Amino acid sequence: MSAPRRLSPRSLLFLPASNPRAVAKARMLKADCVVLDLEDAVPRSDKAAARAAAVAAVAEGFGPRLTAIRINGVADGEHTDDLEAVAASVADYVVLPKVENASDAAVVGSACRRPVLAMIETPPGVLAAAEIAEVAAVHGLIAGVNDLRASLGIPAGADRAGVALALQTVVLAARASGGWAIDGVFNLLDDTDGLVAECRAGRDMGFDGKSLIHPGQVDACNRAFGPSDAEVEDARALLAAATDGAERFRGRMIEAMHVAQAQAVVARVR
Ligand SMILES: CC(C)(COP(=O)(O)OP(=O)(O)OC[C@H]1O[C@@H](n2cnc3c(N)ncnc32)[C@H](O)[C@@H]1OP(=O)(O)O)[C@@H](O)C(=O)NCCC(=O)NCCSC(=O)C[C@H](O)C(=O)O
Ligand SMILES: [Mg+2]
């Protein structure tokens, strides 16, 4: 993975490219990245219309938000048409679902002539995550928890214990190659407390941000993945106090890596 040029997104809002009301709504939301979906959210009969709508939507623009188009997977009959459409579009990223090997990610990056966000959502994908992340065009990995649960035989409503190793593998692979690590979706649309808890758990695992599916999830996710006021205050105080080597700061040991983490927090605020 070549180093991503942009700050990692806290929130990636997926929406069916075939839904014009959702496209319009996304322009009013504070999602860091908008992902126009051509894959699982779009009925088979609407694929061609969704593709045209996605290209038109990114051309019209989403203000300061990053834009991505999620294409259909390499084995799908729509895949080739999707590649051509993304190549001709102004989307910032192509999201490739169900990636299982490095070669597919490289081919898609080259065909679309833009960075790839590779979704890790099958057992072979998890086992190949490190090689996929190493592809120069791949700027980040996204965990696909719904497909992971389905492919592992985990009931849809189960907690994240059964996918925890896969999620941590996604973070390890992304970090090892310097790219973004994005957590999967939270399906319960009306459970804000559950969403916040899952965002925090994802952040504590090392994820940079989370995939979202509804406008009501955006603000809570941005708050959870952004540094809190207390974290920013602590980081600034640490940077003011730190000299060199191991030191005591507010009752805890700090060393060079804590200084680097504090610098990252302050940079994020800027
Ligand atoms: C999940 C939904 C189908 C729910 O739809 P609905 O009940 O109709 O939503 P609301 O009535 O609450 O919507 C209120 C307004 O918000 C707009 N809206 C809804 N969702 C979005 C969205 N994602 N982005 C932008 N705007 C949205 C509605 O249009 C309403 O606006 P208005 O009409 O003006 O009043 C629906 O939320 C939805 O389709 N969500 C996205 C689904 C999706 O993209 N899925 C694919 C990605 S998830 C995934 O597959 C992850 C991975 O692959 C895995 O395996 O885990
Ligand atoms: Mg999926």
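Tutor: Start with one term. Two residues are in contact if their C-beta atoms, placed from the backbone, lie within 7 Å. This is a predicted model, where local features need pLDDT of at least 70, side-chain atom pairs count only at pLDDT 80 or more, and totals for chains, interfaces and linings use all residues. Residues are numbered from 1 along each chain as its sequence is written, while chains are lettered from A and ligands numbered from 1 in the order in which they are written.

Student: What pLDDT does the protein chain average?
Tutor: pLDDT is the predictor's confidence in each residue, from 0 to 100. Here 98% of the residues score at least 70. The model's ipTM is 0.99 and its pTM is 0.96. The chain's average pLDDT is 96.

Student: How far apart do the C-alpha centres of domain 1 and domain 2 lie?
Tutor: Domain bounds come from an automatic or database domain assignment. Domain 1 runs over 11-225 and domain 2 over 229-269. Their C-alpha centres are separated by 32 Å.

Student: Which elements give two or more residues to the shell around ligand 1?
Tutor: A residue is near a molecule if its C-beta atom, placed from the backbone, lies within 6 Å of it. By that rule 23 residues surround ligand 1, and the closest are Phe14, Ala41, Gly144, Asn146 and Asp147. Helices (H or I, at least four residues) and strands (E, at least two) are DSSP runs, numbered from the N terminus. Those giving two or more residues are β1 (11-16), α1 (20-26) and α7 (145-152).

Student: How many residues of that shell around ligand 1 are charged?
Tutor: Ala, Val, Leu, Ile, Met, Phe, Trp, Tyr, Cys and Pro count as nonpolar, Asp, Glu, Lys and Arg as charged, and the others, Gly among them, as polar. The shell has 12 nonpolar and 5 polar residues. Its charged residues number 6.

Student: Which residues does the UniProt annotation "binding site" cover, and why do they gather at one spot?
Tutor: UniProt positions use the numbering here, feature names are shortened, and annotations may be inferred rather than shown by experiment. One such annotation, from an unreviewed entry, covers Glu121 and Asp147. They span 27 residues in sequence, but no two of their C-alpha atoms are more than 5.4 Å apart, so they gather at one spot.

Student: Is Glu121 buried or exposed?
Tutor: A residue is buried if 20 or more other C-beta atoms lie within 10 Å of its own, exposed if 12 or fewer, and partly exposed in between; C-beta atoms are placed from the backbone. Glu121 sits in the loop between β5 (116-120) and α5 (123-127). It has 26 C-beta neighbours inside 10 Å, so Glu121 is buried.

Student: Which residues does Glu121 touch, beyond those up to four places away in sequence?
Tutor: Leave out the residues up to four places away in sequence. Glu121 then touches Pro97, Lys98, Gly144, Asp147 and Leu148.

Student: Which residues is Asp147 in contact with, leaving aside neighbours within four places in sequence?
Tutor: Asp147 belongs to helix α7. It has 18 other C-beta atoms within 10 Å, so Asp147 is partly exposed. Its contacts, on those terms, are Lys98, Glu121 and Thr122.

Student: Where is Lys98?
Tutor: Lys98 is not a glycine, although its phi is positive, about 50°. It is buried because 22 other C-beta atoms lie within 10 Å. Lys98 is in the loop between β4 (93-96) and α4 (102-112).

Student: UniProt also places a "binding site" at Arg70 and Glu121; why do they gather at one spot?
Tutor: This feature, too, comes from an unreviewed entry. The two span 52 residues in sequence, yet no two of their C-alpha atoms are more than 13.9 Å apart, so they gather at one spot. Arg70 itself lies in strand β3 (residues 66-70). The C-alpha limit to remember is 13.9 Å.

Student: Is Arg250 buried or exposed?
Tutor: Arg250 is in the loop between β9 (247-249) and β10 (252-254). Its phi is positive, near 50°, in a residue other than glycine. With 9 other C-beta atoms within 10 Å, Arg250 is exposed.
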